[in-house]
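Here is a short report for a first reading. Please look over the sequence and the model, then read on.

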Amino acid sequence: MYYAACLKEDQCDGCGVCIVSCPEANAIKLIKLNGKAKVIEICGLRCKGCGLCVEVCPKDALEVVLR
Ligand code: SF4
Ligand code: SF4
């Protein structure tokens, strides 16, 4: 069991603020959803569950969950 960030896809507009805030290299990256809207993808192995991205997201699109 470990903590990791989890995305609420429908609330993310792909602004990228969370990517800048994340201290772990390549834990978050921008992707295209259905070839259109930009959202982020979180790498569960690289994410340490620190919660910094949750705090900075203007859309309340992230949460830290126990996996
Ligand atoms: S900060 Fe929030 S809205 Fe912006 S890309 Fe990250 S999860 Fe999406
Ligand atoms: S919880 Fe921390 S390590 Fe994980 S994606 Fe967010 S900022 Fe990066």
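A61 touches L7, K8, Q11 and C12, leaving out residues up to four places away in sequence. Two residues are in contact if their C-beta atoms, placed from the backbone, lie within 7 Å.

A61 also belongs to the largest nonpolar core. That core has 12 residues in all: A5, C12, C18, C22, A27, I28, I40, C47, C53, C57, A61 and L62. A nonpolar core is a set of buried Ala, Val, Leu, Ile, Met, Phe, Trp, Tyr and Cys residues joined through C-beta atoms within 7 Å. A residue is buried if 20 or more other C-beta atoms lie within 10 Å of its own, exposed if 12 or fewer, and partly exposed in between, with C-beta atoms placed from the backbone. In soluble globular proteins, nonpolar side chains tend to be buried together.

## About the model

This is a predicted model: local features need pLDDT of at least 70, side-chain atom pairs count only at pLDDT 80 or more, and totals for chains, interfaces and linings use all residues. Residues are numbered from 1 along each chain as its sequence is written, while chains are lettered from A and ligands numbered from 1 in the order in which they are written.

## Overall fold

The protein has two helices and four strands. From the N terminus on, they run β-α-β-β-α-β. The radius of gyration is 11 Å, close to the 11 Å that the globule rule gives for 67 residues, so the protein is as compact as a globular protein of that length. The radius is taken over C-alpha atoms, and the rule is 2.2 Å times the number of residues to the power 0.38. Helices (H or I, at least four residues) and strands (E, at least two) are DSSP runs, numbered from the N terminus.

The C-alpha trace spans about 35 × 20 × 20 Å along its principal axes. Of the 67 residues, 18% count as buried. Among contacts between residues at least 6 apart in sequence, 63% join residues at least 24 apart.

## The hairpin

Strands β2 and β3 run antiparallel and are joined by six bridges. Two strands pair if DSSP finds at least two bridges between them. K32 has K38 in β3 as its bridge partner. Three residues lie between the two strands of this hairpin, and N34 in the turn has a positive phi of about 55°.

## Two loop residues

Most residues other than glycine have a negative phi. N26 has a positive phi, near 60°. N26 sits in the loop between α1 (17–21) and β2 (28–33). It is exposed, with 11 other C-beta atoms within 10 Å.

D60 also has a positive phi, near 55°. D60 lies in the loop between α2 (52–56) and β4 (62–66). It counts as exposed, with 10 C-beta neighbours inside 10 Å.

## V56 in helix α2

V56 belongs to helix α2. It counts as partly exposed, with 15 C-beta neighbours inside 10 Å. Apart from neighbours within four places in sequence, V56 is in contact with V17, C18 and S21. V56 and C18 are 38 residues apart along the chain, yet their C-alpha atoms are separated by 6.4 Å.

## The ligands

Around ligand 1 there are 13 residues, and C12, C15, C18, C57 and K59 come nearest. Around ligand 2 there are 15, the closest being A5, C22, C47, C50 and C53. A residue is near a molecule if its C-beta atom, placed from the backbone, lies within 6 Å of it.

The shell of ligand 1 has nine nonpolar, two polar and two charged residues. The shell of ligand 2 has 10 nonpolar, three polar and two charged. Ala, Val, Leu, Ile, Met, Phe, Trp, Tyr, Cys and Pro count as nonpolar, Asp, Glu, Lys and Arg as charged, and the others, Gly among them, as polar.
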